[in-house]
Amino acid sequence: MPKAVIVGGTGGIGAGIARTLVGKGWELTVTGANEDDVERHLEAAPDVSAVALDVTDTGAVEAFFADLTSLDGLVNCAGILRKLDEYDLNTFQRVIDVNLTGTMRCCLAAHPLLAVGGGAIVNTGSMYTYFGGPHAPAYTASKGAVAQLTKALAGKWGSDGIRVNAIAPGWIETPMTEAIRGDESREPAILNRTPLSRWGQPAEVGALASWLLSEEASFVTGATYPVDGGYSAM
C-alpha cells in the first residue's frame, strides 16, 4: 500500500484530496495547523491518521518527516489568506512563510524518503498563480512562486526519481469560498466567467492530485495544472 502525507489535509481542498486517495488505496497521514483542526478531522474521518504541524517551524517539520519510515507521495496544501491585511508587512511575511516557505520546508524534509523509491510531490497553487490579486498581495505572490518552485524542484530532483508538479484550483466549494457563494454581488460574475458555469468540488481537485501521484503520470514533472472549470482560459 503506497503511503502519502497531505500537509494541510484536515479541511477544504486538502481533505477532498485525502478522501480521494483513501478511496484509491493510499495509506495517509494528514496534518492540520493546530490540535483543533486535528480533532475536527478525526471526528469526520477517524480512519485517517492526523497530527498537528506548524509548517513555519523548521524543526517541527524535520522531526515529523524523520519519524516516517517510508513515503511515496507528498501533497502540500497548507495555506492561509489574509486579504487586504496582507498590505501590512508582518502579515505579508507570515502568508509567504506559510504558503511558500512552508511548502519548501516540507519538500526538503520529505526528499530523503521520496528519493528511496522515486516518489512524487504535488504542490498547491491557485488561479492567482496566473492572475494578479490586488486584494491579497502576499497570497498572490506566494501562489505564483509555488509554480516556479515546482519547476525548480522538478529540475533538481528528477535525477533522484522524484516528480514534482502542482495543481492550481479555481473556485472550489470549500469553507474559504463560503462567503462568496450565494453573494448576489459576486457569485454571478464568477459563474459567468467559468465555462462550466458551476463551482468545483474538492473531489475533482483530488482526482487530479491522485493522477499526478500515480504511475499513470510517470513522465509528468515540472508542470502546474489548473482545475478551475475553464476560468483561467477566459
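Biologist: What should I know about the model and its numbering before we start?

Modeller: Residues are numbered from 1 along each chain as its sequence is written, and side-chain values use heavy atoms, with hydrogens and water left out. Because the model is predicted, local features need pLDDT of at least 70 and side-chain atom pairs count only at pLDDT 80 or more, while totals for chains, interfaces and linings use all residues.

Biologist: Thanks! What makes α3 and α4 roughly parallel?

Modeller: Helix α3 spans residues 58–66 and helix α4 residues 89–117, and they pack at an angle of about 25° with their axes 9 Å apart. Helices here are DSSP runs of H or I with at least four residues, strands are runs of E with at least two, and both are numbered from the N terminus. The axes are lines fitted to C-alpha atoms, for helices over the stretch in contact, and angles run from 0 to 180 degrees between N-to-C directions. Angles under 35 degrees count as roughly parallel, over 145 as roughly antiparallel, 65 to 115 as roughly perpendicular and the rest as oblique. The angle is about 25°, and α3 and α4 are therefore roughly parallel to each other.

Biologist: Which residues of α3 and α4 meet?

Modeller: From α3 come Thr 58, Val 61, Glu 62 and Phe 65, and from α4 come Arg 105, Cys 106, Ala 109, Ala 110 and Leu 113. Contact here means heavy atoms within 4.5 Å. The residues of this contact of α3 with α4 divide into 6 nonpolar, 1 polar and 2 charged. For that count, Ala, Val, Leu, Ile, Met, Phe, Trp, Tyr, Cys and Pro are nonpolar, Asp, Glu, Lys and Arg are charged, and the others, Gly among them, are polar.

Biologist: Why is α4 called roughly parallel to α5?

Modeller: The axes of α4 and α5 come within 8 Å and cross at roughly 20°. That angle makes α4 roughly parallel to α5. The contact includes Phe 92, Ile 96 and Leu 100 of α4, and Ala 138, Ala 141 and Trp 157 of α5. The residues of the contact of α4 with α5 divide into 16 nonpolar, 4 polar and 1 charged.

Biologist: And what makes α1 oblique to α7?

Modeller: Helix α1, residues 12–23, packs against α7 at an angle of about 60°, with the axes 7 Å apart. That makes α1 oblique to α7. Among the residues that meet are Gly 12, Ile 13 and Gly 16 in α1, with Pro 202, Ala 203 and Val 205 in α7.

Biologist: How do you know that Ile 96 is buried?

Modeller: Buried means under 20% relative accessible area, exposed over 50%, and partly exposed in between, using a 1.4 Å probe and protein chains only. At 18% relative accessibility, Ile 96 counts as buried. Ile 96 has its place in helix α4. Not counting residues up to four places away in sequence, Ile 96 touches Thr 101, Ala 138, Ala 141 and Ser 142.

Biologist: Why is Ala 233 called exposed?

Modeller: Ala 233 has 64% relative accessibility, so Ala 233 counts as exposed. Ala 233 lies in the segment after β7 (224–227).

Biologist: What makes a set of residues a nonpolar core?

Modeller: A nonpolar core is a set of buried Ala, Val, Leu, Ile, Met, Phe, Trp, Tyr and Cys residues joined through side-chain atoms within 4.5 Å. The largest one has 28 residues, and those with the most contacts inside it are Val 7, Phe 65, Leu 74 and Ile 121. β1 (3–7), α3, α4 and α5 (137–157) each supply at least two residues of this core, and the largest share, 9 residues, comes from α4. A second, separate core of 26 residues includes Ile 6, Val 38, Ile 172 and Ala 209.

Biologist: What is the phi of Lys 83?

Modeller: Lys 83 has a positive phi of about 50° although it is not a glycine. In general, most residues other than glycine have a negative phi. Lys 83 lies in the loop between β4 (73–76) and α4, and at 45% relative accessibility Lys 83 counts as partly exposed.

Biologist: Where does Ser 197 lie?

Modeller: Ser 197 lies in the loop between α6 (187–193) and α7 (202–213). Ser 197 has a positive phi of about 55°, and with a relative accessible area of 49% Ser 197 is partly exposed.
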